[in-house]
Amino acid sequence: MSIDKIIILVVSSLGMWFTYWFFLAKKEKEVHGHDHKENHMNQNKKTFSIKGMHCASCVMILEDSLKKVEGVTQAVVNLSTEKATVTYDSAKVTDEKLSSAVSNVGYQALIGEEIRTEDEEQKEKQRDLRDLRRKVSVSLVLGGLILWGAFPGLMKTAPMILQNFWVQLLLATPVQFWAGFGFYRATISALKHRTANMDTLVVIGTTVAYVYSVFVTMSPELLIKIGIEPMPYFDTAAIIIGLILLGRYFEAKAKAGTSEAIKKLIGLQAKTARVLRDGKEIDIPISEVIIGDIIRVRPGEKIPVDGIIVEGESSIDDSMITGESMPVDKAKGDVVVGATMNKTGTFTFKATKVGADTMLAQIIKLVQEAQGSKAPIQRLADLVSSYFVPVVIMLSFLTFAVWYIFGPAPTLLFALLNTIAVLIIACPCAMGLATPTAIMVGTGKGAEQGILIKDAESLETAHKINTIIFDKTGTLTKGQPEVTDIVVFGSIDKDELLKLAGSIEKGSEHSLAEAIVKAAEAKKFTLSKVEKFQAIPGHGVEGVVDGKRIAFGNKRLMDKEGIDIGLAGNKIGEMESAGKTVMMIGIENKLAGLIAVADIIKESALGGLSALQKLGIEVVMITGDNQRTASAIGHKLGITRILAEVLPDQKEAEVRKIQAEGKVVAMVGDGINDAPALAAADVGIAMGSGTDVAIEAADITLINKDLKSVAAAVVLSKKTMRTIRLNLFWAFGYNVILIPVAMGALYPFFGLLLNPIFASIAMATSSISVVSNSLLLKRKKIV
């Protein structure tokens, strides 16, 4: 082996060792040394935009840098939204520390600008796109001119001036250092912190081509002496930079489409409100509305904020929130939601929620958080990406050595071109975009259908669901039961019994209590004061009304109080078989009567459950009702597995029992008593009509209250996961197949080599194809 080949072998080996030591040895120490994080009481969460990200490696670099800030417990960076979400101890972490952690590794944090309006963000993105378009145009025009004067097949038609090496140097230099300045800036910052990203690969590849070409231009005679034709590769460097910037331009345009759902939601907001102040009506910007303001809304106007109607009535289009196309009639005392459309009447309402507290603002926040979160499947892509760029640099050293030592003449040219091709073709961008772009489109599509998904992990888990437990009251039924039967025993009459029941239930919060109070009030009874009132969860209520000791509830309460219900047995059985809930009233420890209440099954229940059964999902109903009543309702809905007589504090245990059978369980509920079960389930689904506590505990919220949306959420999850898998297969497959091709794996068999220019086209195509595949999700039907 000649001395020059031995030198190349030694230098390449040292280069590979140095790359490992510089980038990876430090990383492995950090993996083992930075696991411990303290827990702090005053945890804050902040989301802010980051400029300058291009690939999965950028994500890992930023997350590592932010996690090293003392007091930061979690940092999640999303390539698709270009945002970071940081959980931190506010006593230790300042905005300046976060900002410098980002700028230290070559990026720009827009902290304090998170309150920018959508218009401002759009203007900035348009400005960035214009700047990128200008750089693309200049790069490709100048690169094209160099190619015309340098490419063997084209140079015969080119003017002599373009064939001059010095002119090519003049044309290539602005492309290399003006258009490519962003690559250099990011690389220098990354290298300061012993990290590498895709910009590093582009800089090494194009700089090698540029420096070699400058050497050829300045000292062609030295190459002639060693038998190499002096041929510069300015065209390769310039065209590669132009094509990579072009790929980023198209990628940015495509990524803008993935966040359309947020833009649509923000676009729904009213701009002004007509407020009554000091006896006058004045139009003010929506940002100036305060809680307690009285606001007038006329026909055809958007309701500016959330509130309660104080005067007038109207028909309101709630489709923005519910997805229901039919307008809803509303009158005094009814709740109205900001951004919904007033159709017919004029009314005034009192503002109860403004700014970030309105339902629309909360929906936007939920969707943004979901789009910025990471799915577990993304951890694989992140792990590979963290090692990807250093491994590619090591492979480029290997490629140069193998081609220089074993390749055909001119070995130096073959070694250089194949090394550049390896550096340019490697694409961590596609791996970084595979999951977040699909998550963005999936969560956005869900929001458009009234399905709010809290995070990417919930969206991923939902596709594995094989059992769904439905709470009965308020979920499968309307939760607005009505009194259907009153049966009396002894001398008391029906009106007196209803009056006593209404009086004692006045202080109860149970949905069945409301039905009895309504029935009593409908008869214009004056309800009596209750003394020694006690609500017993899962049993009923007790107290003293008009000097009489009353117990009103189910069989468990009667047993507890020692009240004999034997004479009512047949009647109870008959009513329960019809799906009615029977409550017993005992006066002074004797059974005085029965009141039967029936809840109305929701219109969407049958269709929703049928859709789930078609997906092969087992449907379970859970209720505090007795077995007979529960079975009657279950039979109407086609549910065979029924968990009856379950006390509120037992729901969570029932969920865990089904999980112990090896099932992936979703729980659908709406009440405070459902919150522990929603949290325990693999996926908790809350009805949008439910309580804040239930919605907070849930992973998915159905703001449209339509039970068909449960199946739609599962279908959406399945389609999103299919898209993610296809994206990852393409991203990993692309790199696994084309990096060896760029190294020259096909040359011994077919004499084929990959031109670095084609490598840059392939690399740009890879990212664009992943984003485009995610955008196809928008067209897929989920309901």
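How many bridges join strand β15 to strand β22, and do the two run parallel or antiparallel?

Author: The model is a predicted one. In it, β15 (residues 467-471) and β22 (residues 618-622) are parallel strands joined by five bridges. Thr-467 has Glu-618 of β22 standing opposite.

This pair belongs to an open sheet of seven strands with mixed pairing, in the order β14-β26-β25-β24-β15-β22-β23. At the edges are β14 (451-453) and β23 (641-643), each of which pairs on one side only. From one strand to the next, the twist averages 20°.

Helix α28 (residues 708-743) lies across part of this sheet: β14, β15, β24 (665-669), β25 (683-687) and β26 (700-702). The helix runs at about 50° to β14. Helix α28 also packs with helix α23 (residues 603-614), at an angle of about 25° and with the axes 7 Å apart. Angles under 35 degrees count as roughly parallel, and α23 and α28 are therefore roughly parallel to each other. On the α23 side the contact is made by Ser-604, Gly-607, Gly-608, Ala-611 and Leu-612, and on the α28 side by Lys-708, Val-710 and Ala-711. The residues of this contact divide into four nonpolar, three polar and one charged.

Turning to the salt bridges, the count comes to 29. One of them joins Glu-70 to Lys-92, with the closest N and O atoms 3.6 Å apart. Glu-70 is in the loop between α2 (56-67) and β2 (72-78), and Lys-92 in the loop between β3 (83-89) and α3 (95-103), so the pair ties together parts 22 residues apart in sequence. Glu-70 is exposed, at 57% relative accessible area, while Lys-92 is partly exposed, at 26%.

Another salt bridge, at 4.0 Å from N to O, is formed by Lys-135 and Asp-131. These two residues are four apart in helix α4 (residues 118-150), which means that about one helical turn separates them. Lys-135 counts as buried at 16% relative accessibility, and Asp-131 as partly exposed at 30%.

Asp-199 and Arg-248 also form a salt bridge, their closest N and O atoms being 2.9 Å apart. Asp-199 lies in helix α8 (residues 198-218) and Arg-248 in helix α10 (residues 234-258), so this pair ties together parts 49 residues apart in sequence. Asp-199 is buried at 1% relative accessibility, and Arg-248 is buried with a relative accessible area of 10%. Salt bridges with shared partners also join Arg-274, Glu-281, Asp-283, Arg-296, Arg-298 and Glu-301 into one network.

Notes
Residues numbered from 1 in each chain as written. Predicted model: local features only at pLDDT ≥ 70, side-chain atom pairs only at ≥ 80, totals over all residues. Heavy atoms only, no water. Pairing = 2+ DSSP bridges. Axes fitted to C-alpha atoms, helices over the stretch in contact; angles between N-to-C directions. Contact = heavy atoms within 4.5 Å. Parallel < 35°, antiparallel > 145°, perpendicular 65-115°, else oblique. Nonpolar A, V, L, I, M, F, W, Y, C, P; charged D, E, K, R; others polar. Salt bridge = Lys/Arg side-chain N within 4 Å of Asp/Glu carboxyl O. Buried < 20%, exposed > 50% of the residue type's maximum accessible area, 1.4 Å probe, protein only.
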